[in-house]
Amino acid sequence: VIRLLDEATIGQIAAGEVVERPVSVVKELVENALDAGATNIAVAIARGGMDSIDVRDDGCGIAREDLPLALRRHATSKLDDARGLERIATLGFRGEGLASIAAVAKVRISSRLAADQVGHAIEAAGEWVGAPQATAAPPGTRVEVRDLFGNVPVRRDFLRSPAAEFSRISSFLATLALGYPGVRFSLAHDEREVWAFPAAPSVEQRLAHVFGPAASGGLVEIDRADANVTVHGFVSKPGHDRPDRRMQVLFINGRLLRSTLLAGAWSAAYSTFAMSGRHAYGVLFLTLPPGGVDANVHPTKSDVRLRAANAVSDSVRRAIRSALEGRAAASAAGALGAPPARDVSFAPLDARSGAALPEPLFAHETAAEPARELRVLAQLDDTYILATDGYALVLVDQHAAHERVAFEAIARHHGDSKATEPLLVPYTIELDAAQCERFEASREALAEAGLEAEPFGERAYRIVATPAGYGARAFDVAGYLDDLGDEIAGLDARSRVWATLACHSVVRAGDPLEHAEMTALLARLVRCANPMHCPHGRPTIVRVEPEAIARMFRRT
Ligand SMILES: Nc1ncnc2c1ncn2[C@@H]1O[C@H](COP(=O)(O)OP(=O)(O)OP(=O)(O)O)[C@@H](O)[C@H]1O
Ligand SMILES: [Mg+2]
């Protein structure tokens with residue numbers, strides 16, 4: 001039942017511009033369809049929405065006597081009074097959507113309740129509202145909006161080309177569809193169907209429809225429940241990221257939102273997993289108790305206030321982090337550990353031929369056994385370590401690997417006296433004025449990491465101790481200062497100093513290594529929390545499986 005809100009409640013609702021462009025109309029109408037419990041929503045646009053916007057749903061419908069009220073400002077079936085504002089479970093609550101659209105366009109609503117034999121239609125334009133008329137209609141509601149901003153020419157002038165307005169509509173709707181996999185969505189432009197997403201049993205399948213099957217293959221599932229929020233969703237695996245942030249989709253209690261706070265948490269979680277300058281993509285669904293979210297802060301409802309914002313962003317960061325760590329560990333185990341289960345498709349063949357099944361090659365191993373030892377074979381081009389576990393060929397980038405080992409050691413032992421190694425023969429570095437300034441700014445973080453430098457006359461420092469374990473390798477201070485400004489996805493200033501220090505204190509590409517050094521490096525790499533990537537996100541280990549080798553020899 002649609003009722004008019006009382007004055008006190010009206011006063012508490014965030015008021016302002018609701019319809020800015022065609023996509024705002026689509027948003028209002030599709031949200032109404034979702035609130036009505038629709039399972040099928042068909043959107044048809046003509047000329048970017050400037051000529052018409054037509055949204056059909058198979059939801060609960062609107063009763064004849066409610067039709068005039070639906071178009072009234074501040075009339076809604078979704079909110080009783082101001083107290084209800086604290087526990088909104090629907091997308092709508094202001095009773096403004098349809099009224100705002102009718103104020104700037106010609107609107108026709110036709111609707112039929114499932115239990116009724118006939119439907120009713122009503123028209124409105126500007127201030128005028130017609131009377132409901134009986135009409136033939138399927139169960140559900142259809143809203144046709146024509147001549148948008150016909151009475152406000154300045155607004156029309158602000159619109160972009162029909163193609164540009166349509167593309168906003170298309171990406172909005174496709175993104176919204178991620179949050180409602182059980183609902184079928186279709187979109188047509190100028191009488192041509194542009195896309196349709198069938199109802200899907202799970203978010204994963206809808207993701208494949210929206211992002212494309214290839215992209216959804218690069219996603220990791222996130223799942224975490226904390227006291228006041230559950231975080232579910234799918235985020236891209238490191239290496240599958242994109243150059244912009246646009247595909248970071250966030251739903252809070254079913255509402256599609258943009259949140260810089262959570263975007264920050266998202267990036268922070270990726271620090272050291274992704275290449276700098278690249279962004280993860282995916283979709284996150286946050287579920288909070290209705291009292292934990294205030295949706296009544298912005299007239300278009302595109303923003304919300306979170307009661308426990310910090311706790312929520314913490315949960316998001318942790319949820320993503322632990323999923324990525326889990327994956328890193330699993331792929332490390334895959335790269336360094338036991339070979340994959342033997343291909344079972346050989347079994348029926350042997351069985352058919354009646355021959356005895358060969359003894360499985362790795363029968364003595366079980367999944368619970370520790371990772372197989374990597375055996376170092378050689379150094380390639382003074383840059384890569386060639387190794388094997390007796391099954392696959394394993395290539396390790398010596399610099400990236402050492403960087404990862406050094407970075408984790410610093411992050412683990414920072415501030416500890418064991419992390420630093422006094423030099424028997426301190427050495428002096430000389431810097432120019434600009435370098436001095438940058439060096440001075442990071443000196444404290446360097447000291448925590450074990451690199452102790454004392455001022456030594458004007459524009460010179462004496463290095464008296466270095467991080468433990470790098471011994472003879474001199475710290476490349478010029479390279480360090482050059483790279484210090486580099487963004488490293490999500491790392492804070494202190495960790496950035498450490499990552500850069502690690503990068504410039506370890507073996508480089510082109511350094512010849514002894515067999516024993518390589519063996520020691522691999523042993524330390526395997527024990528890292530995230531052995532697969534260096535702190536900048538580049539891979540450390542590449543594994544060449546026998547299957548890939550067989551393909552090179554055209555055996556398959
Ligand atoms: N597609 C629909 N199916 C069923 N009922 C609808 C539909 N669209 C609108 N209504 C009814 O009309 C009322 C007014 O819709 P309107 O969009 O103007 O406001 P609202 O959804 O209640 O709040 P908001 O302004 O926040 O969207 C709704 O409360 C609902 O009862
Ligand atoms: Mg609405």
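## Ligand shell and cores

In this predicted model, a backbone N or O atom of phenylalanine 93 lies 2.8 Å from an oxygen atom of ligand 1.

| Residue | Atom of the residue | Distance to an oxygen atom of ligand 1 |
|---|---|---|
| Lysine 78 | polar side-chain atom | 2.7 Å |
| Phenylalanine 93 | backbone N or O atom | 2.8 Å |
| Glycine 95 | polar backbone atom | 2.9 Å |

The protein buries 96% of the 590 Å² that ligand 1 exposes when taken alone. Two or more residues of the shell come from each of α2, β4 (75–76) and α4 (97–104), and α2 gives the most, with 3 residues. The shell holds 23 residues, and the closest are Thr76, Ser77, Lys78, Glu96 and Lys301. By class, the shell divides into 9 nonpolar, 8 polar and 6 charged residues.

Alanine 36 sits in the loop between α2 (22–35) and β2 (40–46). Alanine 36 counts as buried because its relative accessible area of 19% is under the 20% cut-off. Its contacts beyond four places in sequence are Gly59 and Cys60. Cysteine 60 is 24 residues away from alanine 36 in sequence, yet the two C-alpha atoms are 5.3 Å apart.

The largest nonpolar core has 61 residues, of which Val30, Ile41 and Phe185 touch the most other members. Helix α6 (residues 162–178) supplies the largest share of this core, 8 residues. A second, separate core of 34 residues includes Val229, Val316, Ile320 and Ala323. Beyond four places in sequence, the contacts of isoleucine 41 include Val30, Val55, Val183 and Phe185.

Key. Residues are numbered from 1 along each chain as its sequence is written. Chains are lettered from A and ligands numbered from 1 in the order in which they are written. This is a predicted model: local features need pLDDT of at least 70, side-chain atom pairs count only at pLDDT 80 or more; totals for chains, interfaces and linings use all residues. Side-chain values use heavy atoms; hydrogens and water are left out. Helices (H or I, at least four residues) and strands (E, at least two) are DSSP runs, numbered from the N terminus. Buried means under 20% relative accessible area, exposed over 50%, partly exposed in between (1.4 Å probe, protein chains only). Contact means heavy atoms within 4.5 Å. A nonpolar core is a set of buried Ala, Val, Leu, Ile, Met, Phe, Trp, Tyr and Cys residues joined through side-chain atoms within 4.5 Å. A residue is near a molecule or strand if one of its heavy atoms lies within 4 Å of it. A polar contact is a pair of N or O atoms within 3.5 Å; within protein, one must be able to donate a hydrogen and the other to accept it, and residues adjacent in sequence count only if both atoms are side-chain atoms. Accessible areas come from the Shrake-Rupley method with a 1.4 Å probe; for residues, only the protein chains shown count as cover. Ala, Val, Leu, Ile, Met, Phe, Trp, Tyr, Cys and Pro count as nonpolar, Asp, Glu, Lys and Arg as charged, and the others, Gly among them, as polar.
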